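Student: I have a new structure to read. Can you take me through its features one by one?

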Amino acid sequence: GLFDIQSHSFWHPNFNDEKRRLKHEQYEKFVRTQLVKSKETLEKKLQTRVDMLAWPFGIFDDDIVAADQDDVSGIEISELFPLQAQIADKFSIVKA
């Protein structure tokens, strides 16, 4: 199509602020909710596939990346956003 709509989290939080504010388990649940709820809402309302994520403020951290690799939080970012995972593998994306 002419344009593409993708995910940017559910309500655009600053993950660094939330990580300081919440306990570890709460933070994991918070991240999972932000990513899954955004993706599911967009896919349902727009009847399209969401496979990319733009991190709010460009912030993502080692815990979120580890959750993808170790499945610590029950979420695999590479499964939620497969196109993003392919791009990250092809071009070594540098964290902000």
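**Reading the model, feature by feature**

Tutor: Start with a contact: the side chain of Ser7 reaches the backbone nitrogen of Ser9 at 3.5 Å. A polar contact is a pair of N or O atoms within 3.5 Å; within protein, one must be able to donate a hydrogen and the other to accept it, and residues adjacent in sequence count only if both atoms are side-chain atoms. This is a predicted model: local features need pLDDT of at least 70, side-chain atom pairs count only at pLDDT 80 or more, and totals for chains, interfaces and linings use all residues. Residues are numbered from 1 along each chain as its sequence is written, and side-chain values use heavy atoms, without hydrogens and water.

Student: Is Ser7 buried or exposed?

Tutor: Buried means under 20% relative accessible area, exposed over 50%, partly exposed in between (1.4 Å probe, protein chains only). Ser7 has 2% relative accessibility, so it counts as buried. Leu2 is at 84%, so Leu2 counts as exposed.

Student: Where does Ser7 lie?

Tutor: Helices are DSSP runs (H or I, at least four residues), numbered from the N terminus. Ser7 lies in the segment before H1. Leu2 is also placed in the segment before helix H1 (15-21).

Student: Which residues form a nonpolar patch on the surface?

Tutor: Leu2, Phe3, Ile5 and Leu46 do, with about 480 Å² of accessible area together.

Student: What should the span of H2 be?

Tutor: The expected span of a helix is 1.5 Å times one less than its number of residues. H2 has 23 residues, so it should span 33 Å; its end C-alpha atoms are 33 Å apart, which agrees.

Student: Which residues of H2 are buried?

Tutor: An α-helix has 3.6 residues a turn, so residues three or four places apart point the same way. In H2 the buried residues include Tyr27, Val31, Leu35 and Ser38. Glu28 and Lys39 are among them too.

Student: How do I read a positive phi?

Tutor: Most residues other than glycine have a negative phi. His12 is not a glycine, yet its phi is positive, about 60 degrees. His12 sits in the segment before H1. At 32% relative accessibility, His12 counts as partly exposed.

Conventions: Helix = DSSP H or I, 4+ residues; strand = E, 2+ residues; numbered from the N terminus. Patch = residues over 30% accessible without salt bridge, like charges linked within 9 Å, V, L, I, M, F, W, Y side chains within 5 Å. Areas by Shrake-Rupley, 256 points an atom, 1.4 Å probe, with all protein chains shown as cover. Salt bridge = Lys/Arg side-chain N within 4 Å of Asp/Glu carboxyl O.
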